[in-house]
Amino acid sequence: MVATPIGNLRDISQRALDVLAGVDVVAAEDTRVSGQLLRHFGIQKSLVSLREHNERAMAERIIARLAAGESVAQISDAGTPGISDPGAVLAAAVHKAGYPVVPVPGASALTAAVSAAGFDCPHALFYGFLPPKPKQRRDALAPLAGLPYLTVYYEAPHRIVDCLDDLVAVFGDDRQVVMARELTKTFETIRRSTLGELAEWVKQDTNQQRGEFVLVVDAAVPVENTDDTAHDTVLAPLVAELPLKQAVALAQAITGAPRNRLYERALALKNAAD
């Protein structure tokens with residue numbers, strides 16, 4: 001599984017070039033695009049087409065080649081196979097057939113965008129492409145809005161304006177976001193702002209509606225529950241029947257609330273009962 005450049009051809013690794021030159025056949029998402037890449041580096045190889053719509057059928061043919069002792073490299077048009085590109089179905093089939101699947105890492109729009117975003121949240125969810133229709137897109141975004149980690153999306157140029165509008169509607173206009181456009185290409189743009197500001201900026205500049213997009217949305221700010229009585233339905237019966245420390249320990253295991261807050265509330269309940 002060989003990663004190829006997402007724009008700048010100098011991002012290809014020496015190992016990737018060695019592997020592509022050494023295999024018997026290259027399975028490519030688009031043989032025309034991959035043919036240009038291989039010719040640029042002076043590599044002449046047999047190419048077979050492995051796309052989203054024929055991946056299952058081609059996987060069997062590739063496994064037959066492996067059984068015959070051949071070696072095969074899978075590449076996509078740009079980036080890392082299997083990351084919103086064909087490759088996962090092939091990899092699963094090769095695993096099942098008992099042959100090794102070897103990653104040759106390299107360029108990925110996902111990791112490039114997150115590395116430049118500047119968000120210090122240690123956790124991220126990569127969603128990939130959102131649904132193309134507005135209602136389905138908002139329905140998909142709704143359960144993600146309150147998550148305590150980054151969410152990362154790919155988007156196409158003809159949907160970027162509508163996608164940003166839906167992000168504003170679901171996440172709020174003040175959520176921080178980074179838009180990474182045309183990464184490693186001539187018109188690379190990386191902009192960090194609020195969702196509301198970004199949506200307006202993209203609408204006003206049609207040049208920013210072109211190319212390939214990665215959107216990195218910051219994590220939701222945790223909302224602390226300041227209601228001291230929020231866990232009384234769990235805590236009160238425990239305090240009535242158990243020693244204070246044991247009641248608090250059980251309440252924390254059940255609710256996940258901070259121990260010090262539970263202890264203070266348990267003490268108050270005990271004193272009131274006494």
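This briefing walks through salt bridges, nonpolar cores and a few individual sites in the structure above.

The model is predicted, so local features need pLDDT of at least 70 and side-chain atom pairs count only at pLDDT 80 or more, while totals for chains, interfaces and linings use all residues. Residues are numbered from 1 along each chain as its sequence is written, and side-chain values use heavy atoms, with hydrogens and water left out. Helices (H or I, at least four residues) and strands (E, at least two) are DSSP runs, numbered from the N terminus.

**Salt bridges**

- The structure holds 11 salt bridges, each defined as a side-chain nitrogen of Lys or Arg within 4 Å of a carboxyl oxygen of Asp or Glu.
- In general, side chains of opposite charge can pair when their charged atoms come close.
- One of these bridges joins Arg138 to Asp166, with the closest N and O atoms 2.6 Å apart. This pair links distant parts of the chain, 28 residues apart: Arg138 sits in helix 6 (residues 134-141) and Asp166 in helix 7 (residues 160-171).
- For accessibility, buried means under 20% relative accessible area, exposed over 50%, and partly exposed in between (1.4 Å probe, protein chains only). On that scale Arg138 is partly exposed at 39%, whereas Asp166 is buried at 3%.
- Arg138 and Asp166 also belong to a network of salt bridges that includes Arg137.
- Lys203 pairs with Asp165, their closest N and O atoms being 3.0 Å apart. Lys203 lies in helix 8 (residues 195-204) and Asp165 in helix 7, so this bridge ties together parts that are 38 residues apart in sequence.
- Lys203 is partly exposed at 37% relative accessible area, and Asp165 is partly exposed at 26%.
- Arg265 and Asp232 meet through their side chains in a salt bridge of 2.6 Å, N to O. Here the link runs between helix 11 (residues 259-273), which holds Arg265, and helix 9 (residues 232-241), which holds Asp232; the two residues are 33 apart.
- Arg265 counts as partly exposed at 22% relative accessibility, while Asp232 counts as buried at 16%.

**Nonpolar cores**

- A nonpolar core is a set of buried Ala, Val, Leu, Ile, Met, Phe, Trp, Tyr and Cys residues joined through side-chain atoms within 4.5 Å.
- The largest core has 21 residues, and those with the most contacts inside it are Leu141, Tyr153, Leu164, Leu167, Phe171, Leu198 and Leu215.
- Helix 6, helix 7, strand 6 (176-181), helix 8 and strand 8 (213-217) each give two or more residues to this core. Helix 7 supplies the largest share, 5 residues.
- Leu198 is in contact (heavy atoms within 4.5 Å) with Leu164, Val177, Met179, Arg191, Ser193 and Leu215, not counting residues up to four places away in sequence.
- There is also a second, separate core of 17 residues, with Ala107, Ala109, Leu150 and Ala219 among them.

- Ser34, Gly35, Leu37 and Leu38 are the buried residues of helix 2 (residues 31-40). They cover an arc of only 160° around the axis, which puts them on the same side of helix 2; the arc is that of the directions from the helix axis to the C-beta atoms.
- On the other side of helix 2, Arg32, Gln36, Arg39 and His40 are exposed.
- The cover over the buried residues of helix 2 includes helix 1 (14-22), strand 1 (25-28), strand 2 (46-49) and strand 3 (72-75).
- At the start of helix 2, a side-chain oxygen of Asp30 reaches to within 2.9 Å of the backbone nitrogen of Arg32.
- Just after helix 2, Gly42 has a positive phi of about 70°.

**Two buried sites**

- Arg159 is located in the loop between strand 5 (150-155) and helix 7, and Arg159 is buried at 17% relative accessible area.
- Leaving aside residues up to four places away in sequence, Arg159 touches Phe129, Pro132 and Arg137.
- Val2 is in the segment before helix 1 and is buried at 1% relative accessibility.
- Not counting residues up to four places away in sequence, the residues touched by Val2 include Ala16, Leu20, Ile75 and Val104.

Terms used. Polar contact = N/O pair within 3.5 Å; in protein donor to acceptor, adjacent residues only side chain to side chain.
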